[in-house]
Amino acid sequence: MIIKGKKNRYLRSQAQTMKPVVQVGRDGLSENLLKQIQLLLNKDELIKVSLLQNTLVDADQLVDALTEFDGAIVHIQTIGSKVVLYKKSPKVKNRKYSIELEKI
């Protein structure tokens with residue numbers, strides 16, 4: 001799934017003030033890390049991930065691993081070592097950004 005245009009701009013603007021909730025360190029990509037990111041996305045819909053300096057993983061590898069792990073995860077933006085990810089929450093009560101996206 002790819003989000004383009006005004007929807008992508010909206011999500012980028014919302015993520016601008018966010019702090020990273022997950023940090024990828026020297027352990028790299030593990031299944032536990034991928035599950036943690038998936039759980040956070042199911043709860044919050046939009047998260048920011050930080051890649052630390054000592055990691056051997058780059059942003060493209062992280063995005064590829066996540067989309068292979070869960071096809072509903074959408075890469076919104078990468079700036080330096082920060083990656084913004086979006087996934088529509090399966091629970092209606094957790095949907096904040098997806099409701100706004102439907103209005104756009």
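Me: Which helix do Lys 35 and Glu 31 lie in, and how many residues apart are they?
Reply: Both residues belong to helix H2 and sit four residues apart, about one turn of the helix. Keep in mind that this is a predicted model.

Me: What do Lys 35 and Glu 31 form?
Reply: They form a salt bridge, and the closest N and O atoms are 3.6 Å apart.

Me: Is Lys 35 buried, exposed or partly exposed?
Reply: Lys 35 counts as partly exposed, because its relative accessibility is 39%.

Me: How many salt bridges does the structure hold?
Reply: It holds four salt bridges. One of them joins the side chains of Lys 87 and Asp 70, at 2.6 Å from N to O. That pair links distant parts of the chain, 17 residues apart. Lys 87 is in the loop between S4 and helix H4 (97-103), while Asp 70 is in the loop between H3 and S3.

Me: Are Lys 87 and Asp 70 buried or exposed?
Reply: Both of them are buried.

Me: And what does Glu 102 form a salt bridge with?
Reply: Its partner is Lys 88, with the closest N and O atoms 3.4 Å apart. This pair also links distant parts of the chain: Glu 102 is in helix H4, and Lys 88, 14 residues away, is in the loop between S4 and H4.

Me: Why is Glu 102 called exposed?
Reply: Because its relative accessible area is 56%, and the cut-off for exposed is over 50%. Lys 88 is at 39% relative accessibility, so it counts as partly exposed.

Me: Changing topic to the sheet. In what order do the four strands come?
Reply: The order is S1-S2-S4-S3, in an open sheet with mixed pairing. Strand S1 (22-24) and strand S3 (74-79) are the edge strands, each pairing on one side only. On average, neighbouring strands are turned by 25° against each other, direction ignored.

Me: In which sense do S1 and S2 pair?
Reply: S1 pairs with strand S2 (residues 46-51) in the parallel sense, over three bridges. Within this pair of strands, Val 22 stands opposite Val 49 of S2.

Me: Which helix packs on the sheet?
Reply: Helix H2 (residues 31-44) does, touching S1, S2 and strand S4 (82-86). The direction of H2 makes about 150° with that of S2.

Me: What about the loop between H2 and S2, which residue has its place there?
Reply: Glu 45 is in that loop. Its phi is near 70°, a positive value in a residue other than glycine. Most residues other than glycine have a negative phi.

Me: Is Glu 45 buried or exposed?
Reply: Glu 45 is buried, because its relative accessible area is 0%.

Me: Now the largest nonpolar core. Which residues touch the most other members?
Reply: Of its 17 residues, those are Ile 37, Val 49, Leu 62, Leu 66, Val 83 and Leu 85. At least two residues of this core come from each of S1, H2, S2, helix H3 (59-69) and S4.

Me: What is Val 83 in contact with, leaving aside its neighbours within four places in sequence?
Reply: Its contacts are Ile 47, Lys 48, Val 49, Leu 51, Ala 59, Leu 62, Val 63, His 75, Gln 77 and Thr 78.

Me: Which residues does the second core include?
Reply: The second core is separate and has eleven residues, among them Ile 3, Leu 11, Leu 46 and Val 74.

Conventions. Residues numbered from 1 in each chain as written. Predicted model: local features only at pLDDT ≥ 70, side-chain atom pairs only at ≥ 80, totals over all residues. Heavy atoms only, no water. Pairing = 2+ DSSP bridges. Axes fitted to C-alpha atoms, helices over the stretch in contact; angles between N-to-C directions. Contact = heavy atoms within 4.5 Å. Core = buried A, V, L, I, M, F, W, Y, C linked by side-chain atoms within 4.5 Å. Buried < 20%, exposed > 50% of the residue type's maximum accessible area, 1.4 Å probe, protein only.
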